[in-house]
Structures are given as C-alpha cells and as structure tokens.
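Time to open my notebook and see what I can look up in this one. I'll go spot by spot and jot down what I find.

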Number of protein chains: 2
Amino acid sequence: MLRTHTAGSLRAAHIGQTVTLTGWVDRRRDHGGVAFIDLRDSSGIAQVVIRDEEVAHPLRSEFVLKVTGEVSERPEGNANENLPTGDIEVIATDVEVLNASAPLPFQVSTALDGQETVGEEARLKHRYLDLRRPGPAAALRLRSKANQVARRVLDEHEFVEIETPTLTRSTPEGARDFLVPARLNPGSWYALPQSPQLFKQLLMVGGMERYYQLARSYRDEDFRADRQPEFTQLDIEMSFVDQEDVIALGEQVVAELWKLIDVEIPTPIERITFADAMRLYGSDKPDLRFGNTIVELAEYFADTSFRVFQQEYVGSVVMPGGASLPRRQFDAWQDWAKSRGARGLAYVTFAEDGTLGGPVAKNLTDTERDGLAAITGAQPGDAVFFAAGKTNEARALLGAARVEIAHRTDQISDDDWAFVWVVDAPLFKPTGEDPEDVDLGNSAWTAVHHAFTSPKPEHLDTFDKDPESALSYAYDIVCNGVEMGGGSIRIHQRDVQERIFQVMGIGEEEAQEKFGFLLDAFAFGAPPHGGIAFGWDRVLQLLTKTDSIREVIAFPKSGNGYDPLTAAPAPITPEQRAEAGVDYEPEED
Amino acid sequence: MLRTHTAGSLRAAHIGQTVTLTGWVDRRRDHGGVAFIDLRDSSGIAQVVIRDEEVAHPLRSEFVLKVTGEVSERPEGNANENLPTGDIEVIATDVEVLNASAPLPFQVSTALDGQETVGEEARLKHRYLDLRRPGPAAALRLRSKANQVARRVLDEHEFVEIETPTLTRSTPEGARDFLVPARLNPGSWYALPQSPQLFKQLLMVGGMERYYQLARSYRDEDFRADRQPEFTQLDIEMSFVDQEDVIALGEQVVAELWKLIDVEIPTPIERITFADAMRLYGSDKPDLRFGNTIVELAEYFADTSFRVFQQEYVGSVVMPGGASLPRRQFDAWQDWAKSRGARGLAYVTFAEDGTLGGPVAKNLTDTERDGLAAITGAQPGDAVFFAAGKTNEARALLGAARVEIAHRTDQISDDDWAFVWVVDAPLFKPTGEDPEDVDLGNSAWTAVHHAFTSPKPEHLDTFDKDPESALSYAYDIVCNGVEMGGGSIRIHQRDVQERIFQVMGIGEEEAQEKFGFLLDAFAFGAPPHGGIAFGWDRVLQLLTKTDSIREVIAFPKSGNGYDPLTAAPAPITPEQRAEAGVDYEPEED
C-alpha cells in the first residue's frame, strides 16, 4: 500500500509515530504561512500541517496527495471534538502530489456535510465526483452491507447462490422485453430477463431445493415513475414449503436488514388481506404509519337524494383540522384530485360548534348531516373528503388522499416504520386495466401476479370456472406504503398450469411453444415450491431514507434510460449493425 | 415445511421417532411384497419401507413423495455402511404423492453414481433433470461455496460490493459487443459490458477505494473454444496500491478457494516473467505441473549445414521414453503438428546405447550429434522434438508439444496443482495478431491487456517512443496451464492515457468521443489504482476438476450461443421489432 495508515484511524495513541497517508484535499486553510489540509480518504479525515510554503503552494481541492509526517498532539485549544481524529494532526515532512485536480463542477468537501444542493444532471454526469460526497458514498456502502446481511441469513438456511442466464428467452412478466440480436443465429434475438422466474422454478425441479440470487433484471418500461431499465432483485426460491415458511424467511431477512439502521422490527409482521387493504386504505400497498382509514358510506347514503352520492360506492377520509383551511386550499385539493383523473373531491367541514360547512353539506338531509361526524369519525374542527363512483376508482382516490393528508398534516416522522404483508390477492384481473401490462393471451382475464402463481388450495378446483373469485397463493410485503417485495407458492403441476393458461387465453399450441420446457419439466416430478423476490433498489431506498432508487444505484440512468456520464445508449456503426445480423433476411427457397 | 426432517439427516438417534420426509424416488426395490424406496432430497437418501402394496404400486422413479413413518433400526445384517443413514429405515404409515413423473429421458438416480454417460444435448435440454444427478448438483453447490469464500476474504479487507450497469456504452475490451436497441432513444443502442472496467475505474475516482463485484460480462465471440456468450468475473479494484498489494490479495483469495477442496496452496505463489514463460514453456499460460522445459538451440546450430535448422529460432523438447515409440506414432505426431499449422515436428531418438535415430540425425555433423543429448537433456531411451522457424511460432509449437507429451506420458495427476503469476508482459503487440481482436485504433500497435493498463514505472517516459520494448504493469494468474485471472495497475493520469491512445492510433477526437468521460474523470483527482479479475467460471472449472465451464454454469448455452432448454435465441414478432425501434430512420430536415 502507498500508505501506512488510513486518515480516519489516527488517534492520540499514534502521537510520535511517523505515518504515511494518502487521500484527497478535502479543505485547505492557511494561517500565518502554514497550510492546514484536511486530508480525506474513505475512512475519514486527518489534519495535515504543511509548514513549507513552496510545497503547500500548488495544493488545491481534490488534489490527491501522499503525505508522510509525524502524528502530533494539536496545540492547546485547537482540538476538534467533532472529528474522531480531532486530537491530533500530522506534521508533514514529505508531500507528494499523486494527481492534480482541475477546478470542480461542484464542491464535494465533507465540510459541506451534504448541504450543498447539486442538480441531478450534474451529479450523474460527474457521478465519480458525486460519490466523493458523504451521502452518496454512504448509500453505496450501506447497500454492500445489506447484501452481506441478506446473504448471512440465507447462508444460515443453507441456500445455494446460483446465477441464471441473462441472454435468454422472453419470460412473461407482463412488461416489455429488452432484445439482443444473436449474431450467430441470424434473425433470432435473445431477451434480457424481467426476472429469473422460470429458471428458478427449473432449479426447484432440478432438486436444488433452496436457491437465491441478487439478480439483475430488465424491463423496457416508460420511465415516468421512479424506475430504471435495469434493476436488482433479491430472488429466493424454496421447495417443499408453504406460504408460512416463505413469509417467516422474508421476515427474518427484513428484520436483519433494518438492524443495520438500528431499527428493531417486531415480528411476526402484521398481515392484511388484499380485500381489506383496498377497503380500508384504497391501495394494495397500504401505508400503515398512520391510521385514518377509509370509511364506506354507500349504505349510509343508500337513500340519498344527492345525485353525486347515488353511486355503487361512496367513501370518505378525514382531514384532521381541515375545517380551518382557507377556501383556496380546498380548491387546491380539487386540482390535486383532477390531476389524478378524478372529477374533484367533495368535502364537508365540521366547525368546532358542530355546524357543517362546504358545498356538499347543503345537499344532504338533516338525518344525513346529523350522523355524518359519527360515521366518518370526524371530530369538531376536521374536514372530511368524499369520493363516489366506481368502487376501485373511488377507493384509489381516497387512498391517495389519505396519504397526501398524512404528509400535509405531518403525521409521518422519518423514524416511523410500518410493515405489512398483503395476502389473498385475486388470482386474475380483467385484461387491459393497466396500460403497461403486456398481456400474454387473448382473454378477458390476465394474472394479477404472474401466470405461475398457484391458486390458494381451496380454489384449485374452481379457479377456471370462477376466475373472478379465485384467490392467489401470493404475498406482498409493503413498507411505509412501498412494495418492497412479493412472492407466491408456484404451480408445480402440469395440468394446473395448463388450466391457468387456458383462463388467460393462451392456447395449447402457444403454451407449448412458449412454455413447453416448463410444462415438460413439471411432468418429471416437480416438487411443490414457492419463493419471494425483494426489489433490492427499493429496499435500499427505504433503508437509506432517500427519495429515489437512483440514490442507491452506483451509475443510474436518468429519464428515458439515458446515462449522462457515458452518453449511453449511442448510435452504432453500419458495420456493427450488419455484423449483429439485425437486418438478416432468410433466403427464399 | 412439508417435512419434519431431511432424508439425509436421519441417524440411529432418531429411532422411535415419527418423521415426515419429502423427496424423490431415487430407486425402488421390491422384496416379498414390500417396497423399499430410496427417498432422495438435497441432503441425501433414506430408505423408506412401504408394506401396503396398494400404496406402493404406482410409485415410480422420480415421483415426488411426502412420507410419514417411524424411524426404525434396519433388521440384523441389513445395515448399509456406505450410506450415512444406513443404520435406519422409515416404516411408512402415510405416503402422499406430491407429484408424479413421466418416464425419464435419462436416469438420474444417485445409485448410478454419475457413471451413466448422457449426451450433452440431452443434458442441456433437460438440465432440470441433469441437476438431480450428483455431479452437476455438486458443481453448483461448490460454486455457491466459492462465492462465500471469496466474499469472506474481501469483506475482511473492507471491500464494498457495488453493482455496475449492464445496459451501457461499448467498453473497449477487444472483442465484439452484444447490442440492445433502446426503444426510448430510437436509433441508439446499449452495449452489454465485456467487463466493468471503466465503471470500476470511475468508482476509484469516486473515492470508493475498494470495490468488488461478481460481475456478469458479455462477449459476442465465436464459440469455437470453451466459451459462453455471458460469463462471470470476480472483479476487484483498489486505490493507493501497488502490484504487490493486488497480488497478495489475489493469492489470499486463491488459497482460501482451494481449501474448499482440501488443497493447501503454498504462498507466495511463484512468479515468472512473460519473456521467461515464452522462452521456457512457449506459452503465456505455462503449465508448471511438470518440468521438461524448452531448450533453445539456435546458438548450438549456429553453423549447421542442415537447412531446416538454419532459422532465427531452433528449440527442442524431450519426449521421455520416446526412443521406443513405433514409427507410426512419430507419424501421428507429424499429423498433430500439421493440425496446429506447423509443417511437421522434427525428431531424434536416443537409443539405450547412445546411438541417434530418426530422419534428422543423418543431417547432423558428428559434433552436432555428440553434444545433442547433453544440451537437450535427453537420456538414453528418450526422443527429442525440434521446432525451427519464427521464434513465436516455433516456441508455441514446442510449448504445445510439451503439454501433449506430459498428457501422453502420464506426467500429470488429478491432484497436481501448479500456480504461477506471469508478470512483465509487453504493453503493446502488433495489430492483427489475433483474428478475434477488435482493434480500437488505426495503428501498428494494440494493447496486450487493454488500453487502460499502466506501463511499468520505468517505461512511463519511453513507452510511446519505443512501444515494442515497453512492459505493462500487469499480472496474470495461471493454474495448471489455464489463465484464471489477471489484472494490472491502471493509468490514472490523463496525459499518460492520451499518450497510450496515440500509440494505439486513437485520435484525439475519437478518444474524446469514446472515452471523454474517463479522461475528464482523470482530470479531477484520480487516485493511483489497480485491480484484478478472476474468470469465475474458469476458476470453478478448475476447482471442480471438470472439463468445461459448461459444467459449472446452471444453464449454459451450447455451441453458437443456443440454449437447447428454452430454445433461445428466438425470432421476434414484427410488432416487437417495430416497438424496439430497430429500424428507426431519423426524419430528414
């Protein structure tokens, strides 16, 4: 090593020793012809004192130095209690500039403590400078620790880490595939996997029994949400298990991860059915850091003469203290609702004296008005928002309003953690609900999770006769309203898989062509199996309390999958195109 | 869990307990109306006794069972000492068929002990059955253990595990890139990385100091050799280090890995210069499991009248005991040499009485004949092979002959291990030497390792004036004649990098366009850094003593990158093609 010690490791015990440090000039101050340099390496900072003006003269921010000198006690009164190395300084006897630095596009000094705001484009373009800042560096280091923790748990349970192919055949996960032309098989293309789903199931058929992988996965989606074209899953699969086994393992992984940030998660983690999550929280990713659940009012308003509430669904959510909001704030809520595709957000205010206000109130009968506080749970001084219409849409609006209210009324602290398993989701949903879905078959029904999720045992006989009622043997884990992971018990019987394909409108021939290898595998003694995958970027975003998965990825893409650092993707040459066989035309007979 | 115990864990101590096992019917024997089933799971085998003929009747090989029964001592004389569970058997009281199995395309029973030979095509097509066989399963399990071991070493040294992008810009590693059309940036393509080279260097510039990753990498090469389009590297990079530091770490990783197979590797591992490796072994991947080095004879034959030996290079290698080979074997050696592109392989035999034989002998002078045994190291009874011509070609032929001789004369045992670092390789080689190279620039010189390898300190000033003599600050680790890994100290100074590009014929503009982000990064205080990458598949092939990297990959491709299991790659639909933007034409102004 070019150094004898790391900068951050020096203490009073080193006083009198001659050490060699390497690192970056984090900050420089000059005082009476002496240069004081904060020398930074990954371990921390040590103060270097350079008395030779000629030596000190050229040194600027982010120069890379190799400094030899004696560790000395700082003069009386100059110790820095905020710095682990604050009792000492290194009196330089030799300073070598290992590399210079041009003036920086933005400052990275730890002295700024991450306070300086830098635009994202600049950060990504100069990510190698951004990573010298304390926050971004800490996020990557925590990610590495999280990998260690997860592997330790899985090693204890004798999981086998197995890599699955990424140049493969399209796996039907419901999104668009990235494609790769196969030069040696002209006219044919590989697909990058959306998940290792089929391969991990094949590993179970192969008797590996316990598999895991931190698996790179790919989805060619529109990047409007906080998504990346490539992402990482902690992918786990087990044989001879039931839902309880996978959930128990998942909880152990999560509990150990949160210990990294000194949070003890009580286990077992709460569970909620999909139906209850939708009813009470208007979301399959309920945020349980706060209460304020949705109240269903269709029955209450069953005989109402107010046309707006004459709908299949009416529900409400309380806005604590909302009665005192100025009118323009309620107008802003209307805009908020409209931006989500709703017509608006009806509301009633409850004054401290119990009188009802807002435009809706006058449309209600006395009876409806009298019972409203009690049924909605509103206290004097609160407001209540209403949504009416189609059940799913109205619930989604109230669920979003509930979360928005919690943020605006400071009901959430940075240290709140609420975990929940969402279970008993429907097996199928009507085709076309999600515009991003790539539907596999040609049917009114498509899979909620994916085509390989087993129906719950009690629906095994009936799921194809009554797809609407069938529940899946699946479980999602949600933290603070964010889906961190999910999994299911899989189908392991060929006939069940074929019946699922039928419901989804995938004909026998198509099933054989696309998934014949899986159906064949099931015919040769496939064991019962199931698993779970954690969205690893999402998990790390939660652990680091950052606001985007881009903060926990070393080299993230910006919008539309563009990398400002390397300027990828980029045009290719005609030679590359020809060689890759992109335009191959089979010769005619 | 569906089971209470694993099959392989049962011992005499369990006698009397009621257990539930799950697993596969490995073998079935019937005796006096009783079925004896070897039930297999990943832990091993337990014998299950089914007395109910009706229950036992349908059970066939590879059926998946859940068996409940009492653990009993095997009757006197029936214990099986070869089986860890051989003292007991489970008397079934309940047998549930979890899944049936169709007749298998090939047998997988452990009873065959991997003796059955199965064609590779069948194995890959039914890889999920192949993995039930003891050998293939053990290879994947050892790979998982190797990952653990490597990570343990790196964790001890505080390395940070960081994932780098795989949808990226072409990285110039000297092979062809796989390309991915970018739908959201029509006309642009991502490249899959040939290694994380540039990103790991950027991480060093970013101050991460110690990085590692088990990194998936991609090369679109012709798969004539034992290669896969995607492969895995254990990729390591460190800042503020010298060659000695990286080599020491590399040796620790290797030593810990080989302990997995109970081999203690003496460290430090031997080193040899590239020049010596070529001179003595005719290879930059010398196999040191045996001696028998090449002898240079150009000086000895400086004045020879034998035209064949009037060349820039003459060398020899001994074939122990070769004097007694029949003529047709020497003819076969001629064919062997011709298949390698040589004209033939001259030879002389040394009879027990010292007389020389073979067609060459009569062309030599008495003096040349008299001294030949001494200078070539031949003993009575040996033969000596000669090669003469261009130095590189002749050495390569003798090097290959040396290895072939060792195999044919049984000089190598399965338990021999010989490790060596090859150091001081040339920095540049003439362009066009390797037909698989994709040369970056337009020059007579190209990089031996890659364009980011630093010259040795003593060549830093002169490498561009005298490219032929410049040595690289690089090191390859070779085991048993196989290159397992390699690395280098990198360039960290912009001006040095620019001079390297110049030698390689990469103009300033091209350098800026392709590698501007790296050159820019070097301008902002890049630290000295270096690293190493192990070809992880190759390491595992060595550790498992298998004869192909396909044996240590869960789902390998066969020739030409085809996967017989999933039939990838496959044609895409016109819709997919249109959506991916493959045929995008920019609109003209």
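**A hairpin.** I started at the hairpin of E14(A) and E15(A): five residues sit between the strands, and Gly354(A) there takes a positive phi near 95°. Strands here are DSSP runs (E, at least two residues) and helices are too (H or I, at least four), numbered from the N terminus. E14(A) and E15(A), residues 356-357, pair in the antiparallel sense over two bridges; to count as a pair, DSSP must find at least two bridges between the strands. Phe350(A) faces Leu356(A) in E15(A).

**Ground rules I noted.** The model is predicted, so I kept in mind that local features need pLDDT of at least 70 and side-chain atom pairs count only at pLDDT 80 or more, while totals for chains, interfaces and linings use all residues. Residues are numbered from 1 along each chain as its sequence is written, chains are lettered from A and ligands numbered from 1 in the order in which they are written, and side-chain values use heavy atoms, with hydrogens and water left out.

**The other partner of E14(A).** I then checked strand E16 of chain A (residues 383-389), which pairs with E14(A) in the antiparallel sense over four bridges. The bridge partner of Ala346(A) there is Phe386(A). Is E14(A) buried or exposed? Five of its five residues are buried, so E14(A) is largely enclosed by the rest of the structure. My cut-offs: buried is under 20% relative accessible area, exposed is over 50%, and partly exposed is in between (1.4 Å probe, protein chains only). In a regular strand, side chains alternate between the two faces of the sheet. In E14(A) both faces are covered, with Ala346(A), Val348(A) and Phe350(A) on one side and Tyr347(A) and Thr349(A) on the other.

**A covered helix.** Next I looked at H5(A), where nine of nine residues are buried. Its buried residues pack against E9, E10, H12 and E22 of chain A, plus E1 and H3 of chain B. After H5(A) comes Gly207(A), with a positive phi near 85°.

**The core.** Which residues have the most contacts inside the largest nonpolar core? I found Ile162(A), Leu202(A), Leu203(A), Phe463(A), Phe501(A) and Tyr128(B), in a core of 45 residues. Such a core is a set of buried Ala, Val, Leu, Ile, Met, Phe, Trp, Tyr and Cys residues joined through side-chain atoms within 4.5 Å. H12(A) gives the most to this core, with seven residues. Beyond its neighbours within four places in sequence, Ile162(A) is in contact (heavy atoms within 4.5 Å) with residues including Leu203(A), Leu140(B) and Ala554(B).

**A listed site.** UniProt's unreviewed entry gives Glu173(A), Arg219(A), His449(A) and Arg490(A) for "binding site"; such annotations may be inferred rather than shown by experiment. Arg219(A) is in the loop between E9 and E10 of chain A and is partly exposed at 21%. His449(A), in the loop between E19 and E20 of chain A, is partly exposed too, at 26%. A polar contact of 3.3 Å joins the side chains of His449(A) and Asp476(A); the term means N or O atoms within 3.5 Å, one able to donate a hydrogen and the other to accept it, and residues adjacent in sequence count only if both atoms are side-chain atoms.

**Two copies.** Last, I superposed chain A on chain B: a rotation of 180° with 0.0 Å of shift along its axis does it, RMSD 0.1 Å.

Conventions
Least-squares fit on C-alpha atoms with pLDDT ≥ 70 in both.
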